[in-house]
Amino acid sequence: MSYENQFTANTQLKLSPFFERTSKLNESQEWRRWSGYLSATNYELHHDNEYFAIRTKAALLDITPLKKYIIEGADAQIFLDRLVTRNIGICKVGQVMYTPWCDEFGKMIDDGTIQRLSETKFRITSAEPNFDWIKHNATGMDVTITDDSFTTAALALQGPNSRAILNAVSSDSLNSLKFFWMMDTTFGDIPVSISRTGYTGDLGYEIWMDPKDALTVWDLLLEKGKSFGITPTGLHALDIARIEAGLILLDVDYISSRHAIIESRKSSPYELGLGWAVKMKKKDFIGKQALEAEVARGPEWDFVGIEIQWHELEKHFRKAGLAPGLPGTAWRTSTPLYKGNQQVGYATSGTWSPILKRYIALAHVKSEYAGEGSELMFELKVEHYRKLTPAKVVKTPFFDPERKRSCPV
Amino acid sequence: MPGVKKYDAIVIGGGHNGLTAAAYLSRAGKKVLVLERRYILGGAAVTEEIFPGFKFSVCSYVVSLMKPNVMRELMLPKFGLELLPLESTFTPLENDYLLRTADADQTYREIARHSTKDAETYMRFGPAMGQIGMAVRPILETIAPNVIRPSLSDLAATKKLLNHFKTLSSEQFEYLTKLMTMSSADFLDEWFEFEPLKASMSASGIIGTFMGPRSPGSAYVMLHHYMGDIDGAFRAWGFQRGGTGAVSMAIARSAEHFGADIMTEAPVEKVIVKNGRAVGVALENGNEYNSDIVISGLDPKLSFLKMVDESDLPSDFVTDIKNFRIRGSSGKVNLALDGLPNFTCLPGEGHHLRGAISISPSYDHLEKAYDDAKYGNFSQEPYMDIILPSVLDPEMAPPGKHVMSCFVQYAPYNINGGWNDQKREAFGDAVVNTIARFAPNIRDIILHRQVLTPADLEATFGLTEGNIFHGELTLQQLFAMRPAVKWADYTTPIKNYYQCGSGTHPGGGITGSPGEMAAKKILGLW
């Protein structure tokens, strides 16, 4: 007798077009929700091997749950330039730009990448649904906005061997594809777009395709990638890698101003370390005035990398008779940071970095305490008791290999 | 030709400890020269392409005890240190197997398949050993005091250790005493009953040591292997991407970053001693280099019986060094494979090939292997610790091909009649035959076989008698006795001549610890 699911409401989690493969590979059967999709937490019982695939081999991640929108029309570039903080005018066809976007008060709504597919056609990715916001701001412009979330499937192939694998599968060489550029090619007779982007801070690519080709592409990559150590990888490993890369995550490191409820939960790009991505020379964009004012008075907060100092951390645990207790996975619990008796910030995500052998975190810190080398105290729990242990503000990305940007000679 | 360039310090030997000492001294602003005899750096921690396309960690093959502070202080991750977890231990048996993995529940279930008692005990054993490891750790991190004529800092260090030992619980004290005196077999018998589990665990008590699992003292060697930690987790073994040579290269790059000069193919003939002081070194090619101090990363036999004249040393010290036990007990067989070994008891590919493969089905297997060696033969059916580096790091071999590293024990240095080509091949055959008992396809997939006997290890890596630890890790050769009483704090009877190899405290393995502590001692005296 087979079990029949009687639940027909439209709120069930979506299954990615890769699910037929990923579900069978997922030994741990651990899944997380990601934008309404069922997404693998880790494929093996532990994420170690998947993490090291990102850093030393090649990790294959199903990133279909990303929100994707196509902006097309004569005004597409002008529109995007108004919507986001980066200068889309200089984004060439085949180029990709990472950018935040803000509300009228200069507070961040979301962040993502913009791919210029042609003179008049772009794809923008986001963490949360942004269709309404995008559409609302396009009023009166010659653009059509299409939700591409379900019409394009995507995989991320990240790690030092990712280029070699794609070269083995693709009909065109990836050797000259530069960091944050993309190209159209084919895998056999399957058309795909490949962008040299990712969420790991390593050499890596994202592959965009028609969902109907999803399984064939997956199989091809796994087959050709086997001798290069290709490893299906879940979100636990990705979370460690993205912290090492100093990349922020919506709803973890910041809250979208669209549903922040209270003012103090909102952040400007400056307060998230994204000042470099705000192009004030642009004529106008949403939030510009407010951001100008913020620059003039100086942002109140900064977003920095901190390193929890090992020696003292070890001492705390040794006093309790324990080996240093390190988090096995990345954490997302807001953790207070002090200067003297005063709380001057909070870390929003942190992890032990297996590749750097350092305990690192991303943190919101009051600007005056956020300079590189600034010494703060990090709240730590050792055997149920709260301790303060030194942490230092350090440069991000924590991990920044040369291969991320380089091309083979 | 008297010294062309004046150095503050010269390090003899570009092994990982010599390089570590050089990096620390350079970091402190000293001008350092490292002289390596071979064409390649790393000493025993070296990666070489022995067969085209196949890279071998020729000698040392895993990393577990590398000190976290050394990694950080020398910025080794920045210079290429990348340690991948070796997550399982697989013991193939005749018709069954034992597979321990990183997942506690999985391992519990697997051991319980053989013994429920052991499965539950196993969960207590790991943490207990971890605690003992922590208890002993401060010893490893203390520069061994001169117990005969202690200085003030020696007294302070000793007092600190005594105070530390006062904090141990009576249970910890009991375990510690047992570990220091018992054989690993006897010690494990108190905990477990399933023979293959006990045998596999006892194996770490014999590695690099001329003892069997039933020899008293082997329990301590086992503990030494339990003290390794990676990422704060005790008893975690790691594999360096690119082989162990990449660890050495990371340290070398760090040393160069801090300003050290490193020379390869520069064999040192002698330390130049004038009026009881080391003043430089003479190379085999006749070149001489002056320096304020000279540090030897070689083993104690070479440091004191070859690099300097006995007449420059006190005779009781010479006697101690001559008595220092450095009997080589192991060989290394590296295989280039056309595919993966297929184990009869667990066919196909899987997690079991991603960790250590331990050929240790029973105490008798190990003890008989030792019996052969006791009487001057290599083991007909040796104990082996095998890993498949290419499964963890595909770049170690061409696509679809593999490399297999077999640490093999026992192979006595003083084999009856001496080692020769014929015996080397016979030893290689014994290794392949033993693996074939469990994975018969091995014979058909070998593309190339490199067999290293203790005599080869001595000739290639300058390891006296082929001992991988620069001297056995038995109690009488540790801490304040390593390599000799009074001279366990990296100093030597010759002024300005220091030692920093694995033959000093805290001993062998890729730890960086002797190099680090020697450098810190030297900088303290400078």
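These legends go with a set of close-up views of a predicted model. Local features are shown at pLDDT of at least 70 and side-chain atom pairs count only at pLDDT 80 or more, while totals for chains, interfaces and linings use all residues. Residues are numbered from 1 along each chain as its sequence is written, and chains are lettered from A and ligands numbered from 1 in the order in which they are written.

**View 1. Where chain A touches chain B.** Here 20 residues from chain A meet 22 residues from chain B; two residues are in contact if their C-beta atoms, placed from the backbone, lie within 7 Å. On the chain A side, helix H2 (residues 48-56) gives the most, with 4 residues. Helices (H or I, at least four residues) and strands (E, at least two) are DSSP runs, numbered from the N terminus. Sorted by class, the chain A side has 11 nonpolar, 4 polar and 5 charged residues. For that sorting, Ala, Val, Leu, Ile, Met, Phe, Trp, Tyr, Cys and Pro count as nonpolar, Asp, Glu, Lys and Arg as charged, and the others, Gly among them, as polar.

**View 2. H2(A) against H7(A).** Back to H2(A), now with helix H7 (residues 235-244) of chain A: the two pack at an angle of about 45°, with their axes 8 Å apart. Axes are lines fitted to C-alpha atoms, for helices over the stretch in contact, and angles run from 0 to 180 degrees between N-to-C directions. The angle makes H2(A) oblique to H7(A); under 35 degrees counts as roughly parallel, over 145 as roughly antiparallel, 65 to 115 as roughly perpendicular and the rest as oblique. The crossing is right-handed, a crossing being left-handed if the near helix is turned anticlockwise from the far one by less than a right angle, and right-handed if clockwise. H2(A) brings A:Glu50, A:Tyr51 and A:Ile54, and H7(A) brings A:Ala237, A:Ile240 and A:Ala241. That contact comes out as 5 nonpolar, no polar and 1 charged.

**View 3. H5(A) across H6(A).** The axes of helix H5 (residues 162-169) and helix H6 (residues 214-225), both of chain A, come within 9 Å and cross at roughly 115°. So H5(A) is roughly perpendicular to H6(A), and their crossing is right-handed. Look for A:Ile165, A:Ala168 and A:Val169 on H5(A), and for A:Leu220, A:Leu221, A:Lys224 and A:Gly225 on H6(A). These contact residues split into 5 nonpolar, 1 polar and 1 charged.

**View 4. Domains 1 and 2 of chain A.** Chain A is divided into domain 1 (19-63 + 153-233), domain 2 (67-147) and domain 3 (300-409), with bounds from an automatic or database domain assignment. The C-alpha centres of domains 1 and 2 of chain A are 25 Å apart. Where these two meet, 7 residues of domain 1 are in contact with 7 residues of domain 2, and the domain 1 side has 4 nonpolar, 3 polar and no charged residues.

**View 5. The two domains of chain B.** The assignment for chain B gives domain 1 (6-46 + 62-83 + 241-325 + 465-525) and domain 2 (327-461). Their C-alpha centres lie 29 Å apart. In this pairing, 12 residues of domain 1 touch 13 residues of domain 2, and the domain 1 side divides into 3 nonpolar, 5 polar and 4 charged.

**View 6. B:Glu265 in its loop.** B:Glu265 sits in the loop between strand E11 (261-263) and strand E12 (268-274) of chain B. From B:Glu265 to B:Asn290 is 25 residues in sequence and 18 Å in space, C-alpha to C-alpha.
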